[in-house]
Amino acid sequence: MSVESPVPSEKQKNTGGMKHFIPYGRQWIDEGDIEAVGEVLRSDWLTTGPKVEEFEKEFACVIGVREAVAVSNGTAALHAIMAAIGIGPGDEVIVPPITFVATANAVVFQGGNPVFADVDPETLLIDPEEVTGKITPRTKAVVAVDYAGQPCNYDALRAITDRHGITLIADACHALGARYGEKKVGTIADMTAFSFHPVKHITTGEGGMITTNDTKLADTMRRFRNHGIDSDHRRRGELGTWYYEMVDLGYNYRITDIQCALGLSQLRKLPNWLARRQEIAQQYNKAFSVIPGIRPLRVAPEVYHAYHLYVISCCPNGSDTRRGDFFTKLHEKGVGVNVHYIPVHLHPFYQKRFGCRVGQYPKAEKAYERIISLPIFPQMGERDVRTVIDAVIRIAEAYAA
Ligand SMILES: *Cc1c(COP(=O)(O)O)cnc(C)c1O
């Protein structure tokens with residue numbers, strides 16, 4: 001299978017509408033992807049057919065792990081993990097406040113309590129020292145969120161989870177293809193969740209995957225995605241039987257063969273796409289290193305960053321108002337910046353249900369007021385990278401003047 005050049009042609013560029021707008025992230029679908037999906041549409045199996053297993057096997061091979069379990073989205077992947085380790089009422093799972101709400105919600109789905117541990121202000125990754133301070137006899141797991149695509153401090157987190165005999169989970173929805181030292185993300189934690197939403201590294205429209213080396217947990221999660229039933233329709237057809245048993249309570253978190261065919265086609269492009277994300281990030285790093293007031297997040301020397309997001313602190317000594325102004329001015333220039341994330345504990349649901357309050361996680365809250373995510377995606381052309389750099393520099397210089 002051939003791999004396309006990561007540099008888009010003039011025709012491929014997203015130039016619809018009156019004004020050219022550069023989104024913060026975007027999928028890249030080519031004719032090969034469309035062909036692969038069309039093939040499945042003409043076949044016997046639209047869902048729970050051969051493409052699901054093929055995608056799982058290929059994904060496990062790419063990551064270098066024994067098991068990959070495909071589900072309907074990244075949130076379902078996190079939920080399946082929480083169910084597989086038996087999270088229930090009263091159980092505590094430690095999560096960072098700087099993440100997408102789904103990380104903490106997955107704990108709540110099972111009746112558990114998410115316990116927040118503040119982040120390292122330089123990287124916005126969960127701080128192992130903060131994690132240690134949050135461990136109680138009820139703690140069952142720690143979720144490492146590889147924010148923006150940078151792997152967490154896994155050595156320190158593993159030392160903590162080993163010491164307490166609890167599970168280390170990775171939410172690597174930002175970090176497909178990232179490495180911590182020599183180890184690939186997806187092989188480090190006990191279970192790792194990935195997402196195939198269109199803004200993520202590869203897409204299936206909606207989709208998710210869990211990787212693990214534990215076959216028993218993988219089997220539990222394969223049941224969980226299919227109502228807790230011990231065999232699927234295709235397997236029963238092969239065995240010539242109608243009989244099945246529902247052994248646990250599960251959900252319909254199945255992924256279709258249509259989506260898995262797209263996933264297989266997309267997965268082949270991952271190495272080139274990661275290289276292009278790295279290239280754009282290096283251009284940003286170089287351009288902003290000399291601009292006062294603009295500071296990219298710190299990247300640890302031992303990691304290979306997957307750059308789902310490129311995040312800058314746009315006003316190190318500034319305020320939320322300054323960031324809001326920065327955001328608006330960039331949008332006016334056609335630069336579709338975004339903010340990742342509003343700290344989870346500040347959402348009304350978490351305040352109501354768990355009594356979370358402003359001021360509880362000061363490092364996350366302070367960082368949140370300053371961060372902005374710049375456009376980064378493989379199909380982004382050189383001209384768009386220049387546009388973003390020039391716009392950011394012009395706004396920053398106007399503040400400095
Ligand atoms: C995207 C994402 C999810 C959820 O994935 P979906 O596929 O959208 O359900 C969970 N956690 C993080 C950190 C994400 O970025």
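Which residue's side chain meets that of E279 in a salt bridge? The partner is R276, with N and O 2.6 Å apart. A salt bridge here is a side-chain nitrogen of Lys or Arg within 4 Å of a carboxyl oxygen of Asp or Glu. This is a predicted model, in which local features need pLDDT of at least 70 and side-chain atom pairs count only at pLDDT 80 or more, while totals for chains, interfaces and linings use all residues. Residues are numbered from 1 along each chain as its sequence is written, and side-chain values use heavy atoms, with hydrogens and water left out.

Stay with that pair. E279 and R276 lie 3 residues apart in helix α10 (residues 270–288), so about one helical turn separates them. Helices (H or I, at least four residues) and strands (E, at least two) are DSSP runs, numbered from the N terminus. R276 is buried, at 1% relative accessible area. E279 is partly exposed, at 42%. The classes are buried under 20% relative accessible area, exposed over 50%, and partly exposed in between (1.4 Å probe, protein chains only).

Salt bridges that share partners also build a network, made up of E56, E67, D219, R222 and R225. Within it, D219 bridges to R222, with the closest N and O atoms 3.9 Å apart. Both sit in helix α7 (residues 215–224), 3 residues apart, so they are separated by about one helical turn. D219 is partly exposed, with 37% relative accessible area. R222 is partly exposed too, at 22%.

Helix α2 (residues 50–63) holds another such pair. E53 and K57 are 4 residues apart there, about one helical turn. Their side chains form a salt bridge of 3.1 Å, N to O. K57 is exposed, at 56%, and E53 is partly exposed, at 31%. The structure holds 20 salt bridges.

Now turn to the interior. A nonpolar core is a set of buried Ala, Val, Leu, Ile, Met, Phe, Trp, Tyr and Cys residues joined through side-chain atoms within 4.5 Å. The largest has 96 residues. F55, F59, Y147, F194, I210 and M221 have the most contacts inside it. Helix α3 (residues 74–84) gives the most to this core, with 7 residues. At least three core residues come from each of domain 1 (10–26 + 270–400) and domain 2 (31–267). Those bounds come from an automatic or database domain assignment.

Beyond residues up to four places away in sequence, F59 touches A68, L176, F194, F196, M209, T211 and L267. Contact means heavy atoms within 4.5 Å. A second, separate core has 30 residues, among them I291, Y307, I312 and V335.

D146 lies in the loop between β4 (139–145) and α6 (154–164). D146 is buried but has no salt bridge. The nearest side chain of opposite charge is R158, 12 Å away. Lys and Arg count as positive and Asp and Glu as negative; His and the chain ends are not counted. Outside four places in sequence, the contacts of D146 include L125, D171, H174 and V185.

Three strands run in the order β7-β6-β11, forming an open sheet with antiparallel pairing. Two strands pair if DSSP finds at least two bridges between them. The edge strands, β7 (183–184) and β11 (303–304), each pair on one side only. Strand β6 (residues 179–180) pairs with β11 over 2 bridges, in the antiparallel sense. R179 stands opposite Y304 in β11.
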